[in-house]
Amino acid sequence: MDIFSGRTLARGRRRLLSVLLVAILGGGQAVSAETALERVQRTGVVRLGYAPEPPFSFRLPDGRLTGAGPEVARRVFGAMGIPEIQGVESEFGALIRDLKAGRFDVIANGMSVLPTRCRDVAFSEPFFKAGAGFAVRPGNPADLHGFDDVAASPAVRLGVVAGAVELNYARASGVDERQLVLFPDAAAAASGVKAGRVDAFAAMGVTVQDLVRRSPRQLERASPFKIPSIGGRSFLDHGGFGFRPEDVELREEFDRNLLDLLQSPEYLAVIEPFGFTLADLPDLSTAELCAP
């Protein structure tokens, strides 16, 4: 037998072995790919995508990932028999792209559930609601109490995190694009306010409150504050966990356990350390929030 005949025979044997394995393991049918739920159940590990934004998601000095999102996820996945979470850091504006690219399994930042996002992301049921707010310098020099005030003052500069819902609020309120300054995260935006680069930073109220707590001499929360509206709808933001649309089984199993946690007395103990109260529990469903 020459070398070429030997190679041909070897390839034939490998193909035959592959066919036999499919027949044995799949009952004569092609073996289906492992689902995301099956993978995390097998490995006991789930990857959480997050962007640093206290109190929603951040790392402690010892490296532990914490915040309202990761801690709720830790409880839910624990109830699903998945003991380990691995944090994968990203910028907020890249979270959906990175989820779709497979860098992680779940967005755990408390992302607002919006109809436009629902086209790309399958959201869990919401686990909190929160209003927007402005972080400003002490005394609120520009006298800003809502997005309408920014729109009415062309010289004012407003900081927002790239990709955040506050960008939608600003545009819907008539804020000119030239007034908007985009930042990669809340910490950078807060520094922009302190340095005078922007007059205010727009974010969820709990984020603003956390920034003020950390820098009480350099920042304050604008009060009172007018809740913004888009398309005639004025409501508090509801945040959920984001999944790839194809990972239906993982999201449904997560939702079952999340709803159990939301209805239990221990839920408040999970979120209270991050500034949330009973008033911040969700009152709308994902179906309602995703409706155009």
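Analyst: A cavity here is a set of grid points where a 1.4 Å probe fits but cannot get out. Its volume is the space filled by probe spheres set on those points. The model is predicted. By this rule, two cavities reach 30 Å³ or more.

Start with the largest cavity. It holds about 150 Å³ of space. Its lining has 16 residues, and E53, F92, A164, E166 and M204 are the closest to the centre. Strand 5 (106-112), helix 7 (165-172) and strand 11 (200-204) each give two or more residues to this lining. By type, the lining divides into ten nonpolar, three polar and three charged residues.

Next, the second largest cavity. About 30 Å³ of space lies in it. Its lining consists of A51, P52, E53, F92, N109, V161, P184, D185 and A186. Six of these are nonpolar, one is polar and two are charged. E53 and F92 belong to this lining and also stand among the residues closest to the centre of the largest cavity.

Now the packing. The protein has twelve helices and 13 strands. Of its 292 residues, 46% count as buried. Take contacts between residues at least 6 apart in sequence: 72% of them join residues at least 24 apart.

In soluble globular proteins, nonpolar side chains tend to be buried together. In this model, the largest nonpolar core has 34 residues. V72, F77, F127 and F241 have the most contacts inside it. At least two residues of this core come from each of helix 2, strand 1, helix 3 (68-79), strand 5, strand 7 (128-130), strand 13 (237-243), helix 10 and helix 11 (266-271). Leaving aside residues up to four places away in sequence, F77 touches V46, L48, I82, V106, L250 and F254. Another core, of 30 residues, lies apart from the largest one. A51, F104, V113 and F123 are among its members. A51 also lines the second largest cavity.

An α-helix has 3.6 residues a turn, so residues three or four places apart point the same way. Just after helix 2, G44 takes a positive phi of about 75 degrees.

Some backbone details in the loops remain. The peptide bond from P54 to P55 is cis, with omega near 5 degrees. P55 is found in the loop between strand 1 and strand 2 (58-59). A cis peptide bond also runs from S223 to P224, with omega near 0 degrees. P224 is in the loop between strand 12 (220-221) and strand 13.

Positive phi values occur in residues other than glycine too. N140 has phi near 50 degrees, and D143 has phi near 55 degrees. N140 lies in the loop between strand 8 (132-136) and helix 6 (147-151); D143 is also in the loop between strand 8 and helix 6. N140 is buried, at 8% relative accessible area. D143 counts as exposed, at 51% relative accessibility.

How values were computed:
Residues numbered from 1 in each chain as written. Predicted model: local features only at pLDDT ≥ 70, side-chain atom pairs only at ≥ 80, totals over all residues. Heavy atoms only, no water. Helix = DSSP H or I, 4+ residues; strand = E, 2+ residues; numbered from the N terminus. 1 Å grid on protein atoms, 1.4 Å probe; cavity = no way out; pocket = protein on both sides within 12 Å on 5 of 7 lines; lining within 4 Å. Nonpolar A, V, L, I, M, F, W, Y, C, P; charged D, E, K, R; others polar. Core = buried A, V, L, I, M, F, W, Y, C linked by side-chain atoms within 4.5 Å. Buried < 20%, exposed > 50% of the residue type's maximum accessible area, 1.4 Å probe, protein only. Contact = heavy atoms within 4.5 Å.
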